[in-house]
Amino acid sequence: LRVSVAIRHAGKNLVIDAGPDFRQQTLRAKIEELDTILLTHEHNDHIIGLDDVRPFIFRQKRPMRVFCSERVAASLRERFSYAFAENPYPGAPSFDLNIIDDDTVFSWNGLDIQVVPYLHGRLPVQGFRFPNFAYLTDIRTIESAAVERVRHVDTLIISALHRMPHHSHASLDEALAIIERIAPRRAYLTHLSHWMGTHEEVSKLLPANVALAYDGLVLEVTEVHN
(Lines give C-alpha, C1' and ligand atoms only; values in the text may rest on other atoms or scores of the structure.)
Protein backbone atom coordinates (compact mmCIF):
# COMPACT_ATOMS: atom_id res chain seq x y z
CA LEU A 1 0.00 0.00 0.00
CA ARG A 2 1.01 3.65 -0.28
CA VAL A 3 3.42 4.82 2.40
CA SER A 4 2.30 6.30 5.69
CA VAL A 5 3.21 5.88 9.33
CA ALA A 6 1.13 5.97 12.50
CA ILE A 7 2.80 7.04 15.74
CA ARG A 8 1.27 6.18 19.10
CA HIS A 9 2.44 7.94 22.24
CA ALA A 10 0.81 8.26 25.64
CA GLY A 11 -2.50 6.93 24.36
CA LYS A 12 -2.75 9.26 21.34
CA ASN A 13 -2.27 8.61 17.63
CA LEU A 14 -0.68 10.72 14.94
CA VAL A 15 -0.38 9.87 11.23
CA ILE A 16 2.18 11.13 8.74
CA ASP A 17 0.56 11.40 5.29
CA ALA A 18 -2.88 10.13 4.26
CA GLY A 19 -2.78 8.52 0.84
CA PRO A 20 -5.38 6.58 -1.16
CA ASP A 21 -5.12 3.59 1.19
CA PHE A 22 -5.75 5.60 4.37
CA ARG A 23 -9.07 3.92 5.24
CA GLN A 24 -7.78 0.40 4.67
CA GLN A 25 -4.61 1.10 6.63
CA THR A 26 -6.34 2.59 9.67
CA LEU A 27 -8.86 -0.24 9.81
CA ARG A 28 -6.09 -2.82 9.60
CA ALA A 29 -4.09 -1.06 12.33
CA LYS A 30 -7.26 -0.78 14.49
CA ILE A 31 -6.79 2.97 14.91
CA GLU A 32 -9.98 4.21 16.55
CA GLU A 33 -8.80 7.70 17.51
CA LEU A 34 -6.64 10.06 15.49
CA ASP A 35 -5.36 13.28 16.99
CA THR A 36 -3.20 14.89 14.31
CA ILE A 37 -1.98 14.46 10.72
CA LEU A 38 1.38 15.67 9.40
CA LEU A 39 1.78 16.09 5.64
CA THR A 40 5.15 15.87 3.93
CA HIS A 41 4.00 17.26 0.56
CA GLU A 42 0.97 17.55 -1.71
CA HIS A 43 1.33 14.61 -4.12
CA ASN A 44 -1.81 12.48 -4.42
CA ASP A 45 -0.26 9.40 -2.88
CA HIS A 46 0.27 11.41 0.32
CA ILE A 47 -2.89 13.52 0.72
CA ILE A 48 -5.83 12.15 -1.28
CA GLY A 49 -7.04 9.99 1.62
CA LEU A 50 -7.88 13.07 3.67
CA ASP A 51 -11.52 12.75 2.67
CA ASP A 52 -11.64 9.44 4.54
CA VAL A 53 -10.56 11.18 7.76
CA ARG A 54 -14.13 12.36 8.34
CA PRO A 55 -15.20 9.44 10.63
CA PHE A 56 -12.52 10.55 13.12
CA ILE A 57 -13.69 14.16 12.78
CA PHE A 58 -17.33 13.21 13.43
CA ARG A 59 -16.44 11.03 16.41
CA GLN A 60 -14.21 13.67 17.99
CA LYS A 61 -16.60 16.52 17.13
CA ARG A 62 -13.80 18.83 16.07
CA PRO A 63 -11.79 19.55 12.91
CA MET A 64 -8.79 17.33 12.26
CA ARG A 65 -5.57 19.12 13.15
CA VAL A 66 -3.19 19.12 10.16
CA PHE A 67 0.39 20.39 10.05
CA CYS A 68 1.81 21.28 6.64
CA SER A 69 3.62 23.96 4.67
CA GLU A 70 1.77 26.95 3.22
CA ARG A 71 2.20 25.50 -0.28
CA VAL A 72 0.60 22.21 0.76
CA ALA A 73 -2.20 24.08 2.56
CA ALA A 74 -2.98 26.02 -0.63
CA SER A 75 -3.23 22.74 -2.52
CA LEU A 76 -5.58 21.31 0.12
CA ARG A 77 -7.85 24.36 -0.06
CA GLU A 78 -8.09 23.92 -3.82
CA ARG A 79 -8.45 20.15 -4.04
CA PHE A 80 -10.72 19.80 -1.00
CA SER A 81 -12.52 23.11 -1.49
CA TYR A 82 -15.78 21.65 -0.12
CA ALA A 83 -14.06 21.22 3.26
CA PHE A 84 -13.17 24.92 3.38
CA ALA A 85 -16.41 26.38 2.00
CA GLU A 86 -18.04 29.25 3.91
CA ASN A 87 -21.14 27.10 4.35
CA PRO A 88 -19.96 23.48 3.98
CA TYR A 89 -22.56 20.83 3.31
CA PRO A 90 -23.57 18.54 6.20
CA GLY A 91 -21.09 15.71 6.48
CA ALA A 92 -18.16 17.54 4.88
CA PRO A 93 -14.79 17.00 6.56
CA SER A 94 -13.19 19.91 8.39
CA PHE A 95 -9.53 20.64 8.94
CA ASP A 96 -7.61 22.87 11.32
CA LEU A 97 -4.58 23.79 9.21
CA ASN A 98 -1.40 24.65 11.09
CA ILE A 99 1.27 26.16 8.85
CA ILE A 100 4.86 25.10 9.43
CA ASP A 101 8.05 26.19 7.71
CA ASP A 102 11.43 24.53 7.41
CA ASP A 103 12.59 25.82 10.80
CA THR A 104 9.45 25.02 12.78
CA VAL A 105 9.59 23.02 16.00
CA PHE A 106 6.18 22.18 17.43
CA SER A 107 4.76 19.92 20.10
CA TRP A 108 2.36 16.97 19.96
CA ASN A 109 1.24 15.13 23.08
CA GLY A 110 4.40 16.00 24.96
CA LEU A 111 6.80 15.26 22.11
CA ASP A 112 8.77 17.95 20.29
CA ILE A 113 8.72 17.57 16.50
CA GLN A 114 11.23 19.30 14.24
CA VAL A 115 10.78 19.85 10.52
CA VAL A 116 13.53 18.37 8.32
CA PRO A 117 13.63 19.94 4.82
CA TYR A 118 14.92 18.17 1.72
CA LEU A 119 14.16 17.86 -2.00
CA HIS A 120 11.97 15.41 -3.90
CA GLY A 121 13.57 16.18 -7.26
CA ARG A 122 12.94 19.95 -7.38
CA LEU A 123 9.99 19.88 -4.97
CA PRO A 124 10.67 20.92 -1.37
CA VAL A 125 9.39 18.30 1.09
CA GLN A 126 9.21 18.34 4.88
CA GLY A 127 10.26 15.30 6.85
CA PHE A 128 9.95 15.10 10.61
CA ARG A 129 12.28 14.46 13.54
CA PHE A 130 10.80 13.26 16.83
CA PRO A 131 13.02 12.92 19.91
CA ASN A 132 14.33 9.51 18.82
CA PHE A 133 12.75 8.86 15.41
CA ALA A 134 12.90 10.48 11.97
CA TYR A 135 10.73 10.02 8.89
CA LEU A 136 12.07 11.11 5.49
CA THR A 137 9.92 9.91 2.60
CA ASP A 138 10.15 10.91 -1.08
CA ILE A 139 13.70 12.10 -0.61
CA ARG A 140 16.19 12.68 -3.40
CA THR A 141 18.76 15.06 -1.92
CA ILE A 142 19.31 16.62 1.51
CA GLU A 143 21.58 19.46 2.60
CA SER A 144 24.16 19.00 5.32
CA ALA A 145 22.35 21.39 7.68
CA ALA A 146 19.23 19.19 7.51
CA VAL A 147 21.32 16.06 8.03
CA GLU A 148 22.53 17.58 11.30
CA ARG A 149 18.92 17.74 12.54
CA VAL A 150 18.61 13.95 12.36
CA ARG A 151 22.20 12.80 12.84
CA HIS A 152 22.50 9.80 15.17
CA VAL A 153 18.73 9.45 15.57
CA ASP A 154 17.81 6.08 17.04
CA THR A 155 15.41 5.00 14.28
CA LEU A 156 15.25 6.38 10.73
CA ILE A 157 12.67 5.59 8.06
CA ILE A 158 13.77 6.78 4.61
CA SER A 159 12.53 6.14 1.10
CA ALA A 160 14.41 4.24 -1.61
CA LEU A 161 12.45 3.70 -4.82
CA HIS A 162 14.54 1.03 -6.54
CA ARG A 163 18.14 0.38 -7.63
CA MET A 164 18.15 2.54 -10.77
CA PRO A 165 18.72 6.32 -10.80
CA HIS A 166 15.52 8.39 -10.70
CA HIS A 167 14.96 12.11 -11.18
CA SER A 168 13.00 12.66 -7.96
CA HIS A 169 13.54 9.63 -5.71
CA ALA A 170 16.69 8.27 -4.11
CA SER A 171 17.85 4.94 -5.47
CA LEU A 172 18.96 2.19 -3.11
CA ASP A 173 22.61 3.27 -3.26
CA GLU A 174 21.69 6.93 -2.78
CA ALA A 175 19.47 6.15 0.20
CA LEU A 176 22.24 4.07 1.77
CA ALA A 177 24.64 6.98 1.28
CA ILE A 178 22.22 9.33 3.09
CA ILE A 179 21.81 6.78 5.88
CA GLU A 180 25.59 6.68 6.25
CA ARG A 181 25.62 10.49 6.60
CA ILE A 182 22.87 10.41 9.22
CA ALA A 183 24.34 7.41 11.09
CA PRO A 184 21.19 6.16 12.86
CA ARG A 185 21.24 3.11 15.10
CA ARG A 186 18.84 1.44 12.69
CA ALA A 187 17.14 2.41 9.44
CA TYR A 188 14.21 1.08 7.42
CA LEU A 189 13.65 1.62 3.70
CA THR A 190 10.14 2.57 2.56
CA HIS A 191 8.34 3.78 -0.62
CA LEU A 192 9.71 0.75 -2.47
CA SER A 193 8.96 -0.01 -6.11
CA HIS A 194 8.36 -3.55 -7.34
CA TRP A 195 11.55 -3.01 -9.35
CA MET A 196 13.57 -3.05 -6.14
CA GLY A 197 13.48 -6.85 -6.00
CA THR A 198 12.36 -9.40 -3.45
CA HIS A 199 12.80 -8.97 0.29
CA GLU A 200 15.24 -11.88 0.46
CA GLU A 201 17.27 -10.65 -2.49
CA VAL A 202 17.55 -7.02 -1.40
CA SER A 203 18.18 -7.81 2.26
CA LYS A 204 21.49 -9.44 1.26
CA LEU A 205 22.65 -6.08 -0.12
CA LEU A 206 21.95 -4.07 3.03
CA PRO A 207 24.22 -3.16 5.95
CA ALA A 208 23.47 -4.85 9.26
CA ASN A 209 21.57 -1.83 10.63
CA VAL A 210 19.33 -1.35 7.55
CA ALA A 211 16.22 -3.36 6.65
CA LEU A 212 13.30 -3.18 4.25
CA ALA A 213 10.07 -1.88 5.75
CA TYR A 214 6.81 -3.67 4.94
CA ASP A 215 3.07 -3.16 5.32
CA GLY A 216 2.07 -3.62 8.94
CA LEU A 217 5.57 -3.24 10.37
CA VAL A 218 5.43 -2.25 14.06
CA LEU A 219 8.44 -0.66 15.75
CA GLU A 220 9.01 0.30 19.37
CA VAL A 221 11.31 3.28 19.82
CA THR A 222 12.36 3.83 23.39
CA GLU A 223 15.77 5.46 23.54
CA VAL A 224 17.90 8.11 21.88
CA HIS A 225 21.11 6.96 20.20
CA ASN A 226 24.09 9.16 21.07
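Visitor: What covers the buried residues of H6?

Guide: In this predicted model, the cover over the buried residues of H6 includes S9, H5, S10, S11, H7 and S12.

Visitor: Which residues of H6 are buried?

Guide: They are Leu-172, Ala-175, Leu-176, Ile-178, Ile-179 and Ile-182.

Visitor: What puts them on the same side of H6?

Guide: Around the axis they cover an arc of only 160 degrees, which places them on the same side of H6. The face turned away from that buried side carries the exposed residues Asp-173 and Glu-180. Just after the helix, Ala-183 takes a positive phi of about 55 degrees.

Visitor: Which residues have the most contacts inside the largest nonpolar core?

Guide: Leu-136, Ile-142, Leu-156 and Leu-189 have the most contacts inside this core of 29 residues. The elements giving two or more residues to it are S7 (111–120), S8 (123–129), S9, H5, S10, H6, S11 (186–190) and S12 (210–212). H6 gives the most, with 6 residues.

Visitor: What is Leu-156 in contact with, leaving aside its neighbours within four places in sequence?

Guide: Its partners are Ala-134, Leu-136, Ile-179, Ile-182, Pro-184, Arg-186, Ala-187 and Tyr-188. There is also a second, separate core of 22 residues, and Leu-39, Ile-57, Phe-80 and Phe-95 are included in it.

Visitor: Why is the contact of Glu-70 with Arg-77 called a salt bridge?

Guide: The closest N and O atoms of Glu-70 and Arg-77 are 3.2 Å apart. The cut-off is 4 Å between a side-chain nitrogen of Lys or Arg and a carboxyl oxygen of Asp or Glu, so the pair qualifies. The structure holds 11 salt bridges.

Visitor: Why is Glu-70 called partly exposed?

Guide: Its relative accessible area is 43%. Buried means under 20% and exposed means over 50%, so Glu-70 falls in between and is partly exposed. Arg-77, at 37%, is partly exposed as well.

Visitor: What makes Arg-140 and Glu-174 a link between distant parts of the chain?

Guide: The side chains of Arg-140 and Glu-174 meet in a salt bridge, 3.5 Å from N to O. Arg-140 is in the loop between S9 (133–136) and H5 (144–150), while Glu-174 is in H6 (residues 172–182), and the two are 34 residues apart. Arg-140 is partly exposed at 23% relative accessibility, and Glu-174 is partly exposed at 25%.

Visitor: How do you know that the pair of Arg-163 and Glu-201 ties together separate parts of the sequence?

Guide: Arg-163 forms a salt bridge with Glu-201, with the closest N and O atoms 2.9 Å apart. Arg-163 lies in the loop between S10 (155–159) and H6, and Glu-201 lies in H7 (residues 199–203), so the pair ties together parts that are 38 residues apart in sequence. Arg-163 has a relative accessibility of 36% and counts as partly exposed. Glu-201 is partly exposed too, at 38%.

Visitor: Why is the aromatic pair of Phe-84 and Phe-95 called tilted?

Guide: The structure holds 6 aromatic pairs. In the pair of Phe-84 and Phe-95, the centres are 6.1 Å apart and the planes are at 35 degrees. Planes under 30 degrees apart count as stacked and those over 60 as edge-to-face, so this pair is tilted. Phe-84 lies in the loop between H4 (70–79) and S5 (95–99) and Phe-95 lies in S5, so the pair ties together parts that are 11 residues apart in sequence.

Visitor: Is Phe-84 buried or partly exposed, and what of Phe-95?

Guide: Phe-84 is partly exposed, at 28% relative accessible area. Phe-95 has 11% relative accessibility, and because buried means under 20%, Phe-95 counts as buried. Elsewhere, ring pairs link Phe-80, Tyr-82 and Tyr-89 into a cluster.

Visitor: How do you know that Asn-13 is buried?

Guide: Asn-13 has a relative accessibility of 8%. The limit for buried is under 20%, so Asn-13 counts as buried. Its place is in S2 (residues 12–16).

Visitor: What lies 2.8 Å from a polar atom of the side chain of Asn-13?

Guide: The backbone oxygen of Glu-33 lies at that distance. Leaving aside neighbours within four places in sequence, the contacts of Asn-13 include Ile-7, Arg-8, Ile-31, Leu-34 and Trp-108.

Methods
Residues are numbered from 1 along each chain as its sequence is written. This is a predicted model: local features need pLDDT of at least 70, side-chain atom pairs count only at pLDDT 80 or more; totals for chains, interfaces and linings use all residues. Side-chain values use heavy atoms; hydrogens and water are left out. Buried means under 20% relative accessible area, exposed over 50%, partly exposed in between (1.4 Å probe, protein chains only). Helices (H or I, at least four residues) and strands (E, at least two) are DSSP runs, numbered from the N terminus. A nonpolar core is a set of buried Ala, Val, Leu, Ile, Met, Phe, Trp, Tyr and Cys residues joined through side-chain atoms within 4.5 Å. Contact means heavy atoms within 4.5 Å. The arc is that of the directions from the helix axis to the C-beta atoms. Rings of Phe, Tyr and Trp (its six-membered ring) pair if their centres lie within 6.5 Å; planes under 30 degrees apart count as stacked, over 60 as edge-to-face and the rest as tilted. A polar contact is a pair of N or O atoms within 3.5 Å; within protein, one must be able to donate a hydrogen and the other to accept it, and residues adjacent in sequence count only if both atoms are side-chain atoms.
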